[in-house]
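Biologist: I would like to learn how to read a model like this one. Can we take it feature by feature?

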Amino acid sequence: SSSPSVYRGSTPKGGGSLKKAFYTTSWKKCSALLAGKGCFVLYHLERTEMKKLLLIYVGIFCSVLAFGQTNFQKLTLDEACTKARAEKKLIFVDLYTSWCAPCKMMADKVFPDVKLGAFMNERFVCVKYDTGADKDGSELAKMFNVQAYPTFLILNVDKGLENQIVGATLEPSDFMNQVEAALKASLASLGQQYENGNRDVSFLTDYLKALLTASMNEKAQEVCVALFKVLPDTEKSNREYWFIFKDQALSPVGSPFMDFLFSHFEQFTRSMGEEKVLNRIAEAFEIKLRDMIRGREPMDDLDKVAKQMAPHHFNSRERMDTYVALGKALCEARKDNSEKGVEKLLELCENEFPKIDGEHLVYFYFPVTIYIANVGTEAQYKRVCKLHEYVYEHTEHNPLKIGLGNMLSGTKKNK
């Protein structure tokens, strides 16, 4: 064919004639000119060629949208396993719910990332299931005891769990790092070795870390007990095993692992430093006592907890002593719901609640005050309402303020 005619000019001002622009009839030249920077190209093609060009670019655009991001395919789990077997990949399952805000954030902000998409699509057949609406989703949630959302499962072609990731991340790169780490630790392989009787300290340590990362806390408890049986007491306080004691799910107050920390406090402070150990102890007591007060745990061990706490002087100790007093007053009031017992509890709340920061108070404020309002006298009920008003006016913690605002609005409507 003849050489194309090309004219280089500037784009006219005011949207006038476009003759002074790139003009070509060559497909190759058109493609070449597309790569130029700061150039305006006008393709003067036959109508049929223009339609072809439009269709091609629409196709390319749609392909980028479909495959640039993580490609979640509409497949049943059985179909995904079949496809993964043929493509020699693993299965990545996004378990979500319709009410889960972090799940929606992952779908809107993280999975559309092109770099993450390339990483995921190369390694996995990706599917997603609503555990409240999809059969595969509800069955997987039950099979793997899913307790939080989103939960991401990495399965082999036999539906065995290789690993899992619990919770959302804001950055695609962070999520990619989590997936890479999960791929390096196959829970299926580690679990098989454990069931076959491997009780080597190094192996149990690695398996325990993998379980904790995957938030498989029940199995982690079992493996940690096995590790403690083969690990000498003199080594348990070493820095390399601190991960056991700093994990709240594994070592809450009342667990054998936290009991070991209490009884070997001096050894831990030598290996980890006193400040770090005290901070962990303070955190553990805070969670234990507030869960007792709000009814998540029984009060039976309150005296034991107070005794364990007595030797330790950490920054939040005064507040923890208030928690203990509050727990004891609550126990006394609940014995017979007497006016005297409720009065003692109410006085404690009136004196101490205004001193506690909202970020801590929000955990148990409502269960305690609702109890007093329900069983107390009319006069005690009015004092609870005044306490609501005072805390509402003075707290800077938004969730507590919103809850109190709703309660006060309800109180006014019921008058």
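Biologist: Which residues does Thr 205 touch, leaving out those up to four places away in sequence?

Modeller: This is a predicted model, so read every contact as a prediction. Thr 205 touches Leu 227, Tyr 241 and Phe 243. Thr 205 itself belongs to helix α9, residues 201-213.

Biologist: Is Thr 205 buried or exposed?

Modeller: The cut-off for buried is under 20% relative accessible area. Thr 205 has 9%, so Thr 205 is buried.

Biologist: Leu 227 is one of those contacts. Which residues of α10 are buried?

Modeller: They are Ala 220, Val 223, Cys 224, Ala 226, Leu 227 and Phe 228. Their cover includes α8, α9, α11, α12 and α13.

Biologist: How do I read the sides of a helix?

Modeller: Start with the general idea. An α-helix has 3.6 residues a turn, so residues three or four places apart point the same way. Now take helix α14, residues 265-272. Its buried residues are Phe 265, Phe 268, Thr 269 and Met 272. They cover an arc of only 100° around the axis, which puts them on the same side of α14.

Biologist: What covers the buried residues of α14?

Modeller: The cover includes α11, α12, α13 and α15. After α14 comes Gly 273, with a positive phi near 95°.

Biologist: Now a loop residue. Where is Phe 72, and what does Phe 72 touch?

Modeller: Phe 72 sits in the loop between α2 and α3. Leaving out residues up to four places away in sequence, Phe 72 touches Phe 92, Asp 94, Phe 111, Cys 126, Val 127 and Lys 128. Compare sequence with space for one of these. Phe 72 and Lys 128 are 56 residues apart in sequence, and their C-alpha atoms are 6.5 Å apart. With a relative accessible area of 18%, Phe 72 is buried.

Biologist: Which aromatic cluster holds Phe 72?

Modeller: One cluster is formed by Phe 72, Phe 92, Phe 111, Phe 124, Phe 152 and Phe 175.

Biologist: How many aromatic pairs are there?

Modeller: The count comes to 26 aromatic pairs. One is Phe 92 with Phe 111, edge-to-face, 6.2 Å centre to centre and 70° between the planes. Phe 92 lies in strand β3 and Phe 111 in the loop between α4 and α5, so the pair ties together parts 19 residues apart in sequence. Phe 92 is buried at 0% relative accessible area. Phe 111 is buried at 2%.

Biologist: What is the geometry of the pair Trp 99 and Tyr 149?

Modeller: Trp 99 and Tyr 149 are edge-to-face, 6.0 Å centre to centre, with 85° between the planes. Trp 99 is in the loop between β3 and α4, and Tyr 149 in the loop between α6 and β5, 50 residues apart. Trp 99 is exposed, at 65% relative accessible area.

Biologist: Which ring face does Lys 401 lie over?

Modeller: Lys 401 lies over the face of Tyr 392, 4.4 Å from the ring centre. Lys 236 lies over the face of Phe 260, at 5.3 Å.

Biologist: And the protein as a whole?

Modeller: The secondary structure comes to 22 helices and six strands. Buried residues make up 43% of the 415 residues.

Key. Residues numbered from 1 in each chain as written. Predicted model: local features only at pLDDT ≥ 70, side-chain atom pairs only at ≥ 80, totals over all residues. Heavy atoms only, no water. Helix = DSSP H or I, 4+ residues; strand = E, 2+ residues; numbered from the N terminus. Buried < 20%, exposed > 50% of the residue type's maximum accessible area, 1.4 Å probe, protein only. Contact = heavy atoms within 4.5 Å. Arc of directions from axis to C-beta. Phe/Tyr/Trp six-rings, centres within 6.5 Å; stacked < 30°, edge-to-face > 60°. Lys NZ or Arg CZ within 6 Å of the ring centre and 35° of its normal.
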